[in-house]
Amino acid sequence: MAVEIDFSGKVVAVTGGARGVGAGIVARFLAAGAEVEICGRSAPEELPVMDGRKPVFSQVDVRDPEQVAAWVAAITSRLGRLDVVVNNAGGAPYADFATASPRFHEKISAINFLAAAYVSQAAYEALTASRGSIINISSISARRPSPGTAVYGAAKAAVESLTGSLAVEWAPDVRVNAVSCG
């Protein structure tokens with residue numbers, strides 16, 4: 001039996017929603033009737049499409065808290081609400097920990113952890129008003145050894161810790177959960 005969820009009239013923001021797991025998430029929210037906003041550092045060649053509907057794309061570097069705050073403010077100003085945030089942006093190429101530069105580790109930490117913190121904080125007021133939800137995309141690398149992507153695994157472990165802390169701190173107004181893909 002298929003479960004159908006109606007998100008008509010709801011606004012969903014997905015970071016990194018143009019491809020991969022993010023595009024799949026976007027497609028499902030579009031199919032459920034949501035207005036979907038996505039962001040990324042550069043415009044994608046194609047946007048995810050579901051039933052002829054596409055998300056709205058904004059060029060945003062989620063590692064920059066000022067750009068994130070402006071993106072969330074633009075969404076709520078234009079659409080009047082924000083109901084769900086999916087912190088999906090992230091990833092990491094393979095890199096030997098001993099020889100990778102500190103700058104590389106900093107960038108991996110920023111995209112996989114700090115971005116989720118910045119977006120969550122920027123969206124807090126709007127999500128409180130709608131009694132909304134944050135979904136943080138984690139990874140099995142948060143809970144098992146991750147050779148070649150050690151900082152990525154550590155950042156995803158930090159996302160899971162942030163998720164638990166915010167779930168308690170912001171309850172019952174905002175639900176905060178993590179999904180571990182893989």
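Which residues lie nearest the centre of the second largest pocket? In this predicted model, they are Ile-5, Phe-7, Arg-28, Phe-29 and Ala-32, part of a lining of 13 residues. Two elements, H1 and S5, each give two or more residues to that lining. H1 provides the largest share, with five residues.

Now for the largest pocket. It holds about 820 Å³ of space. Its lining counts 34 residues, and Gly-16, Arg-19, Ala-89, Gly-90 and Gly-91 are the closest to its centre. At least two lining residues come from each of these elements: helix H1 (20-31), strand S2 (35-40), helix H3 (102-130), S5 and helix H4 (150-169). The largest share here is four residues, and H3 supplies it.

S5 turns up in the lining of the largest pocket and in that of the second largest pocket, so let's zoom in on one of its residues, Ile-137; the strand spans residues 133-139. Is Ile-137 buried or exposed? Its relative accessible area is 8%, under the 20% cut-off, so Ile-137 counts as buried. Leaving out residues up to four places away in sequence, Ile-137 touches Ile-25, Val-86, Asn-87, Asn-88, Lys-156, Val-179 and Cys-181. As for Cys-39, it sits 98 residues from Ile-137 along the chain, with 15 Å between their C-alpha atoms.

Key: Residues are numbered from 1 along each chain as its sequence is written. This is a predicted model: local features need pLDDT of at least 70, side-chain atom pairs count only at pLDDT 80 or more; totals for chains, interfaces and linings use all residues. Side-chain values use heavy atoms; hydrogens and water are left out. Buried means under 20% relative accessible area, exposed over 50%, partly exposed in between (1.4 Å probe, protein chains only). Contact means heavy atoms within 4.5 Å. On a 1 Å grid over the protein atoms alone, a cavity is a set of points where a 1.4 Å probe fits but cannot get out, and a pocket is an open set with protein on both sides within 12 Å along at least five of seven lines; lining residues have an atom within 4 Å of a point. Grid points are joined across faces, edges and corners, and a volume is the space filled by probe spheres set on the points.
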